[in-house]
Amino acid sequence: MNTETEAGTTDRGTTAPSSSINPESVRTVAKKDFQDSVRSWLFWGLSVFFFTLLVATTGAVSYFGEDLAAQGATTDVLVGFVSEITRLVIPLIALVLGWKAIAGERESGSIKILLSLPHSRKDVLLGKLLGRSAVLSLSLTLGFVLAAAVVAALLGGFDVVDYVGLLAVSIVYGIAYTSIAVSLSSLTRSTTIAGAAMFGVFVLFYVVWNTLSDMFMLLAERDVLFFDTVTATTEFDGEEVAIERLPEWAYFIVNLDPGEAYGRVLTLVTDVDTIELQAELDAELFGGELPFFLQDWFALLILVFWVVVPIAVALYRFDRVDL
Amino acid sequence: MPAITVDGLTKSYGETLALEDLSFQVEDGEVFGFLGPNGAGKSTTINVLLDFVRPTAGRVEVLGLDAQTHSREIRSRTGVLPEGYRTYDRLTARQHLEFAIDSKGVDDDPERLLERVDLADAIDKKAGGYSKGMAQRLMLAMALVGEPDLLILDEPSTGLDPNGAREMREIVREESERGATVFFSSHIMEQVEAVCDRVGILRDGEMVAVDSVAGLRESVSDGTVLRVTVDRLDEDAIGSVRSLPDVSEVLVEEETPPTLAIRVEGSKTDVLAALEDQGLEVRDFSTSEASLEDVFQSYTTEVDAR
């Protein structure tokens, strides 16, 4: 009954050829995933929390900030405020929305339904990313429109272009975190591990990265290891002023944070003084000319990097595992 | 061209060897029962056919295509009822079927498919509220989408009541008549007996027998078992029966009432005559063929030292 082991046995180990991508298939998976996750209560709970926060804050700003309105600066303040909230909340929503994307399906076995049908594993990953990004975008758009309606009702109008710019960048920012979440979710079969990974990402970017700058400075002042400060001279009120700052590579690392990039990209699409001011201050540190990696267009690249790289790693690896 | 060719398939998970040098073929158009106790490696085999897991060694072809390099094409022509799946709780039966229909790029009618599996009433109910049996019917309907050339059904009777299991077998028959090949796994012999052309029995990751149901029965039953109830037990009498040329085995099955189990190839009357010659009174006797369950048992449990 058994044929000889040698003949006809091609041992290719556990490696497998990489699967193909079929756009039609990706669309089908995305549509199903959208239908499925748009019905998640946890997601909408978080979104409602986010809307409420957004609407309450923007309402408060536009109601109490009548002086600002008079100066025509309301949209600036509004965008500034909103972006601070969204910078913190969007990653949270994206991570919650994405953490079970693949791990959950592998744990429960529903991925067998997906992959019994003619979809490749790459189709599934991309479909998931697309579907969840669509759900997140829907939620953000709803939240922004609601907040805008409240503000418009109170103020009778504001700068729509800035606001739409903020929404657009927020969506890209959200997709970056969705990509991180979906990709991490594909690396494990356990939702517990996936959840821990999401928490890790949260801690990494909210806690670790946010203190990096201070930490580098602390180390640099004490000349620990290779840490050192650079003295930059700049003109201030007609006088030469020397400022201690970190070397450029430290700025580069600090700026890899998607949240940091989000803030910088906003200068590209909006015209908000507070954000512009920050950029100018930074420029002073570098003698008036920002290094390329601190410029707006590079921040956009960083955001795109966070969309592309996690999913690319996942696409490569997910093809090579046993489900 | 065979519908499935498995050649020298070995799969190990770390230290654990799930399949060892497994080889078999499923012919085009046949209903093949893939039988084995739980943990024998049935699901692992099916997972390799569908490229859910990758073989450690060996070659697997489905519909004449390599199971790994052409998995998408294979799955576009295959309907699958997987084992250990979970439906999408928040989606209705209709949405599940629309997803399968879209995925396969066909235009089947969800309602008609659900009628076939007797689930049309629940078409717009969310699958989260389904019983195991209803979920199983939904999955069977999804497997039927697009008139697949091959149906892979992994433990399809799980969660079905006897009536549901009968309907499921009916569908297997219809699909087979349409020309589809059916690969049907189960750990219960009687479920495959009624529908399968051939049966393969898997034990500890190895195929221990492949044959028609009748052939399997024949290979196991070396004769008929004759049970004789007598008035008393007598060593000499047992000895003389044992010495008959057609008798291969004599066991004392019970003491009260004294009953002998005699495996006999030829004439049963010779046996009875021999007993009576020794002065025993035959009070009752019966004969039995090896049951299918016996066949299965004999292949899937270690040979016991009788």
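**Helix 6 of chain B and its surroundings**

Good morning. Helix 6 of chain B, residues 162–178, contains 17 residues and spans 24 Å from its first C-alpha to its last, close to the 24 Å expected at 1.5 Å a residue. Please bear in mind that this is a predicted model.

Which residues of this helix are buried? They are Ala165(B), Met168(B), Ile171(B), Val172(B) and Glu175(B). Viewed down the axis of helix 6 of chain B, these buried residues fall within an arc of 115°, so they line one face of the helix. In general, an α-helix has 3.6 residues a turn, so residues three or four places apart point the same way.

The buried residues of helix 6 of chain B pack against several elements of chain B, including strand 3 (31–35), helix 5 (132–144) and strand 8 (181–186). On the other side of the helix, Pro162(B), Asn163(B), Arg166(B), Glu170(B), Glu174(B) and Glu177(B) are exposed. After helix 6 of chain B comes Gly179(B), with a positive phi near 115°.

Turning to chain B as a whole, it is divided into domain 1 (2–212) and domain 2 (224–289). The centres of these two domains, taken over C-alpha atoms, are separated by 47 Å.

I now come to the partner chain. In chain A, 30 residues are in contact with 34 residues of chain B. On the chain A side, helix 1 (23–37) and helix 6 (111–116) of chain A are the elements that give two or more residues. By class, that side has eight nonpolar, 16 polar and six charged residues.

Finally, an unreviewed UniProt entry lists residues 163–184 of chain A among its transmembrane regions. Residues 163–184 of chain A are 100% helix, with end C-alpha atoms 32 Å apart.

Definitions and conventions. Residues numbered from 1 in each chain as written. Chains lettered and ligands numbered in written order. Predicted model: local features only at pLDDT ≥ 70, side-chain atom pairs only at ≥ 80, totals over all residues. UniProt positions renumbered as here; feature names shortened; annotations may be inferred. Helix = DSSP H or I, 4+ residues; strand = E, 2+ residues; numbered from the N terminus. Domains from an automatic or database assignment. Contact = placed C-beta atoms within 7 Å. Nonpolar A, V, L, I, M, F, W, Y, C, P; charged D, E, K, R; others polar. Expected span 1.5 Å × (residues − 1). Buried ≥ 20, exposed ≤ 12 C-beta atoms within 10 Å, placed from the backbone. Arc of directions from axis to C-beta.
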